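Visitor: Hi! I have a new model open and would like to talk it through. Can you walk me around?

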Amino acid sequence: MATAFVKEILPPSLTSASSQPPLFDGTTRLYTSYQCPFAQRVWITRNYKGLQDKIKLVAIDLGDRPSWYKENVYPENKVPSLEHNGKVVGESLDLIKYVDANFEGPSLFPNDPAKREFGEKLVSEVDSVTRELFSSLKGDAVQQTSSVFDSLENALGKFDDGPFFLGQFSWVDIAYIPFIERFHIVLAEVFKHDITEGRPKLRAWIEVYAAIVTSL
Ligand SMILES: N[C@@H](CCC(=O)N[C@@H](CS)C(=O)NCC(=O)O)C(=O)O
């Protein structure tokens, strides 16, 4: 984890009027959007590993996307994507692994086989968890999300050597947190419901994560 607190000046989002930054000039670039929870996963990974100087942020305005992004950089036309070593790779969950494997900094993958197995299982479920959370907004969100948050509370109790899913901070936390923190806020603001009420492990997870992020 980066120890010195140096507030990064975020570059402005590029629009259809912006020219394309150089491609494959040896610079590693993370194409991102400051609002996107998928891109946030890779942004957290970069910052947690202290790679702010190694991976340059290129923010894209998704509402007014530059055409060169799809044409020249990433044909899927989504963020995040990472330009590294003469290629562009995408998909946020793959990118957490890619950045962890190809760059320095603290590992996000524990060695303990039981933790690795549990981590794979939790991450394989993250898309269905987020789908369920989003679909709950069409109905009684408090009631419909309750079993999801109960199962996260339960999962957070599996290892007791830290407040995170695998004890120590890992890729599993990064996979879930951008979505859970948004639902935490939406349920509090719109439905006046605190998802951490009666779920002490979930509360500690959100609080400790917030402390980590503000120290990056
Ligand atoms: N499965 C992708 C999803 C990425 C994604 O959907 N990003 C959104 C922004 S949050 C996007 O770029 N949307 C643009 C579009 O779909 O055209 C990942 O995990 O990286």
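Visitor: What radius of gyration does the chain have, and what would a compact globule have?

Guide: The chain has 18 Å, and this is a predicted model. A compact globule with 216 residues would be near 17 Å, so the value agrees. Along its principal axes, the C-alpha trace spans about 50 × 40 × 30 Å.

Visitor: How many of the residues count as buried, as a percentage?

Guide: It's 30% of the 216 residues in the chain. On contacts, take those between residues at least 6 apart in sequence: 71% of them join residues at least 24 apart.

Visitor: And which elements does the chain have?

Guide: There are 7 helices and 4 strands. From the N terminus on, they run β-α-β-α-β-β-α-α-α-α-α.

Visitor: Let's look at the strands. Which way do S1 and S3 pair?

Guide: Strand S1 (residues 28-32) pairs with S3 in the antiparallel sense, over 3 bridges. Tyr31 stands opposite Ser81 of S3.

Visitor: What about S3 and S4?

Guide: S3 and S4 (residues 87-90) are also paired in the antiparallel sense, over 4 bridges. Glu83 has Val88 in S4 as its bridge partner. The hairpin of S3 and S4 has 2 residues between the strands, and Asn85 takes a positive phi there, near 55 degrees.

Visitor: Are the S3 side chains buried or exposed?

Guide: Buried, all of them. Ser81 and Glu83 point one way from the strand (residues 81-84), while Leu82 and His84 point the other way.

Visitor: Where is the cis peptide bond?

Guide: Between Val79 and Pro80, with omega about 5 degrees. Pro80 is found in the loop between helix H2 (67-73) and S3.

Visitor: Now the ligand. Which residues surround it?

Guide: Val79 and Pro80 are both there, along with Ser33, Cys36, Phe38, Leu62, Asn77, Lys78, Gly90, Glu91 and Ser92.

Visitor: How does that shell split by class?

Guide: The shell has 5 nonpolar, 4 polar and 2 charged residues.

Visitor: Why does Phe24 count as exposed?

Guide: Because it has 12 C-beta neighbours inside 10 Å, and 12 or fewer is the cut-off for exposed.

Visitor: Last one: where is His193?

Guide: In the loop between helix H6 (171-191) and helix H7 (200-215). His193 counts as partly exposed, with 16 C-beta neighbours inside 10 Å.

Visitor: Which residues is His193 in contact with, leaving aside its neighbours within four places in sequence?

Guide: Val142, Leu187 and Ala188. His193 is also 9.6 Å from Ala141, C-alpha to C-alpha, with the two 52 residues apart in sequence.

Terms used. Residues numbered from 1 in each chain as written. Predicted model: local features only at pLDDT ≥ 70, side-chain atom pairs only at ≥ 80, totals over all residues. Buried ≥ 20, exposed ≤ 12 C-beta atoms within 10 Å, placed from the backbone. Pairing = 2+ DSSP bridges. Near = placed C-beta within 6 Å. Nonpolar A, V, L, I, M, F, W, Y, C, P; charged D, E, K, R; others polar. Contact = placed C-beta atoms within 7 Å. Rg over C-alpha atoms; globule rule 2.2 N^0.38 Å.
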